[in-house]
Amino acid sequence: MRRFRLPSARAGPDRPAPGARAVIPFVRDMDVAYGRPDRLSPLVRRVIANNPGPFTFTGTGTYIVGSGLAGEVAVIDPGPDLPAHLDALLEATGGQRIAHILVTHTHADHSPLAAELARRTGATVHGLPAPIAEESEVPVEEGQDRAFRPGALVKDGDRVLGPGWTLEAVATPGHASNHVCYALLEENALFSGDHVMGWSTTVIAPPDGDMAAYYASLDKVIARGFKRLYPTHGPPVADVAPFLAAYKAHRLEREAQILDQIAQGRGRIAEMVPVIYAGVDPRLHPAAALSVLAHLIGLVKSGAIVCDGPPGPTSVYRLP
Ligand SMILES: [Zn+2]
């Protein structure tokens, strides 16, 4: 077991630009020990996988739902197919039965261990298969787990029950087209996957990532008034309403900056990115360009801007 504390500041393409008003109250401090079950509430434990990285922060946080005293538990986002992580999950749930495995989406840091964990425990795997859409050219996210085969295809509102706990599926496309969050009704809490993360903004990478869908899914979560978020990466978010308000305001602010660039005659992504992301490491500009493209696709869809042909990375965008 290895313990470390990460620095609380981190560079990322979606850090607020200088002068930006929407400051997201990120939560990043956590005491990480790979393989150790951390109790976060009477019904929730978390085991972190040893796969830290630019998209996973300290690693994938796999949640175990159920009191842990006896009976059936559920596992949310089993994570990467690492033997040590499998052993840690089996050890943490010794004496209980893993009856259900729920997957938020099929990026490779979330779902691959589901198959082996289900084989070892007989659990039902809930989720949605990987989308058919091509993956984006710039690596801004883990790849797709195309081998994922859920035994139960999840629909919005579906419920999975165990002793003392109820999980409800909340369909939240945007980060990924097959993204589903799971609400723990007894705690009015949400396992938010990569839809909302405490440590960072989420990546919306076309073609599978969809900004218009993301906004709708964000509003859906805001409307539920959850008291706590358990993201798959990083610590829980306790002050949910102001966090989500800032999370959304940050996106809208970025969108306003993009519209402003277009109004000033900078209609190509290659012209906008160096201006909007002037304070950001140029190595992150390709990822930023993809995020800008996601905004532009959404703005074309809503009619706020136009371009010739389908919106792409080299299109010229203008006001209608
Ligand atoms: Zn993801």
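Phe57 counts as buried, at 3% relative accessibility (buried is under 20% relative accessible area, exposed over 50% and partly exposed in between, with a 1.4 Å probe and protein chains only). Phe57 lies in the loop between β4 (44-48) and β5 (61-65); helices (H or I, at least four residues) and strands (E, at least two) are DSSP runs, numbered from the N terminus. Phe57 is not a glycine, yet its phi is positive, about 60°. Most residues other than glycine have a negative phi, and most peptide bonds are trans.

Asp77 is another residue other than glycine with a positive phi, near 55°. Asp77 sits in the loop between β6 and α1 (83-92) and counts as buried at 0% relative accessibility.

## Basis of the model

The model is predicted: local features need pLDDT of at least 70, side-chain atom pairs count only at pLDDT 80 or more, and totals for chains, interfaces and linings use all residues. Residues are numbered from 1 along each chain as its sequence is written, and side-chain values use heavy atoms, with hydrogens and water left out.

## A cis peptide bond

Pro206 and Pro207 are joined by a cis peptide bond, with omega about 10°. Pro207 is in the loop between β13 and α3 (211-224).

## Glu72 in strand β6

Glu72 belongs to strand β6 (residues 72-76). With a relative accessible area of 30%, Glu72 is partly exposed.

Leaving out residues up to four places away in sequence, Glu72 touches Arg97, Ala99, Pro163 and Trp165, where contact means heavy atoms within 4.5 Å. Of these, Pro163 is 91 residues from Glu72 in sequence, and the two are 6.7 Å apart in space, C-alpha to C-alpha.

## Aromatic pairs

Rings of Phe, Tyr and Trp (its six-membered ring) pair if their centres lie within 6.5 Å; planes under 30 degrees apart count as stacked, over 60 as edge-to-face and the rest as tilted. The count by this rule is five aromatic pairs. One of them is the stacked pair of Phe191 and Tyr230, at 5.0 Å centre to centre with 20° between the planes. This pair links distant parts of the chain, with Phe191 in strand β13 (residues 189-193) and Tyr230 in strand β14 (residues 228-231), 39 residues apart.

Phe191 counts as buried at 1% relative accessibility, and Tyr230 is buried with a relative accessible area of 0%. Ring pairs link Tyr63, Phe191 and Tyr230 into a cluster.

## Helix packing

Helix α4 (residues 240-263) packs against helix α5 (residues 269-276) at an angle of about 125°, with axes 10 Å apart. Axes are lines fitted to C-alpha atoms, for helices over the stretch in contact, and angles run from 0 to 180 degrees between N-to-C directions. The two helices are therefore oblique to each other (under 35 degrees is roughly parallel, over 145 roughly antiparallel, 65 to 115 roughly perpendicular and the rest oblique). The contact is made by Arg254, Gln257, Ile258, Gln261 and Ile262 of α4 with Met272, Val275 and Ile276 of α5.

α5 also packs against helix α6 (residues 285-302), at an angle of about 115° with axes 10 Å apart. That makes α5 roughly perpendicular to α6. Ile269, Met272, Val273 and Pro274 of α5 meet His285, Ala288, Ala289, Val292, Leu293 and Leu296 of α6 in this contact.
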